[in-house]
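Here are my notes on the model you sent over. Have the structure open while you read, and go through the points in order.

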Amino acid sequence: MPKPLIAANWKMNKNIEESISFINNFKNSSKKIKNAEIAICPPFTSLNEVNKIIKGSNIKIGAQNMHYEDNGAFTGEISPLMLKDAGCDYVILGHSERREYFNEDNQLINKKLISALKNNINPILCVGEKLEQRENNQTFDVIKGQLTNCLKNINKEDAKKITIAYEPVWAIGTGKNATPEQAEEVHKFIRGLLSKLYSNISENTRIIYGGSVKPNNIKDLMNQDNIDGALVGGASLKEEDFFQICSYSD
Ligand code: PEP
């Protein structure tokens with residue numbers, strides 16, 4: 001298994017100056033982080049500046065979304081080529097906020113995944129159930145549907161490059177994280193599903209957890225066998241909190 005991945009999803013927060021200030025400070029402290037790979041996903045407008053600062057550090061950058069076409073008449077969209085140009089190693093795809101507010105469905109996310117992989121950008125594919133679905137015992141069905149449809153026509157070699165983020169929608173931005181046991185149950189299910197879809201890749205696929213990860217709950221989450229990192233929203237906006245999360249085991 002590669003090193004755990006701790007990824008920051010800044011969402012629609014921080015202007016260019018705020019991004020620069022965060023990264024300048026965080027870059028220094030990040031030298032002490034030994035046991036995790038770190039990715040920061042700022043808004044598009046900050047990518048280029050952040051990319052300049054992280055050169056020579058152990059920090060990677062990612063985008064929060066992308067279009068599946070390389071270029072063309074898609075007003076307001078950003079292409080994989082543009083993300084590569086701005087230095088992105090990662091792209092978050094299928095985040096529940098994009099599914100909910102921008103009507104992204106599994107079919108569209110599948111196109112984006114195929115395009116990211118073609119362009120050598122490592123996707124972080126988000127899946128997760130809503131509260132009502134959990135309460136109706138539909139969690140595993142929802143995850144299975146999202147994963148199998150998003151991964152359609154993606155071959156084994158490409159699938160190896162995908163990180164799966166399990167993000168229960170009811171835990172995102174609510175301060176109510178899944179318990180380590182709840183998360184582990186779903187992560188184990190995802191790993192099992194991956195091994196059915198592709199032989200011999202699931203042991204090396206990072207399955208990371210997202211949903212109200214904080215400095216005080218990261219250790220217990222990471223102690224679970226099938227949790228290989230975290231996607232962090234709110235707590236990634238403060239350098240000290242994000243540093244503590246990244247150095248949970250140092
Ligand atoms: C997210 O948006 O991916 C997320 C996990 O947010 P938060 O950590 O704020 O719940």
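1. Ground rules. This is a predicted model, where local features need pLDDT of at least 70, side-chain atom pairs count only at pLDDT 80 or more, and totals for chains, interfaces and linings use all residues. Residues are numbered from 1 along each chain as its sequence is written, and side-chain values use heavy atoms, with hydrogens and water left out.

2. Who surrounds the ligand? The shell holds 14 residues, and the closest are Lys-11, Glu-167, Gly-173, Ser-212 and Gly-234. By class, the shell divides into four nonpolar, eight polar and two charged residues. Here Ala, Val, Leu, Ile, Met, Phe, Trp, Tyr, Cys and Pro count as nonpolar, Asp, Glu, Lys and Arg as charged, and the others, Gly among them, as polar.

3. Lys-11 puts a polar side-chain atom 2.6 Å from an oxygen atom of the ligand. Ser-212 uses a backbone N or O atom, at 2.8 Å from a ligand oxygen atom, and for Gly-234 a backbone N or O atom also lies 2.8 Å from an oxygen atom of the ligand. Taken alone, the ligand exposes 290 Å², and the protein buries 98% of that (areas by the Shrake-Rupley method with a 1.4 Å probe; for residues, only the protein chains shown count as cover).

4. Aromatic pairs. How many turn up in the whole structure? The search finds five. Rings of Phe, Tyr and Trp (its six-membered ring) pair if their centres lie within 6.5 Å; planes under 30 degrees apart count as stacked, over 60 as edge-to-face and the rest as tilted. Trp-10 and Phe-22 make an edge-to-face pair, 4.8 Å centre to centre with 70° between the planes. Trp-10 lies in the loop between strand E1 (5-9) and helix H1 (16-30) and Phe-22 in helix H1, so the pair ties together parts 12 residues apart in sequence. Helices (H or I, at least four residues) and strands (E, at least two) are DSSP runs, numbered from the N terminus.

5. Buried or partly exposed? Trp-10 is buried, at 0% relative accessible area, and Phe-22 is buried at 1%. Buried means under 20% relative accessible area, exposed over 50%, and partly exposed in between (1.4 Å probe, protein chains only). The rings of Phe-140 and Phe-189 have their centres 4.6 Å apart and their planes at 35°, so this pair is tilted. Phe-140 is in helix H7 (residues 139-150) and Phe-189 in helix H9 (residues 180-197), so the pair links parts that are 49 residues apart in sequence. Phe-140 is partly exposed at 33%, as is Phe-189 at 23%.

6. Cluster and charges. Trp-10, Phe-22, Phe-26 and Phe-242 form one aromatic cluster. Over the ring of Trp-10 sits the charged end of Lys-14, 5.4 Å from its centre. Likewise, the charged end of Arg-98 sits over the ring of Phe-102, 4.1 Å from its centre. The test is NZ of Lys or CZ of Arg within 6 Å of the ring centre and within 35 degrees of the ring normal.

7. Asn-110. This residue is in helix H5 (residues 106-118) and is buried at 10% relative accessibility. The side chain of Asn-110 reaches the backbone oxygen of Lys-152 at 2.8 Å. A polar contact is a pair of N or O atoms within 3.5 Å; within protein, one must be able to donate a hydrogen and the other to accept it, and residues adjacent in sequence count only if both atoms are side-chain atoms.

Methods. Near = heavy atom within 4 Å.
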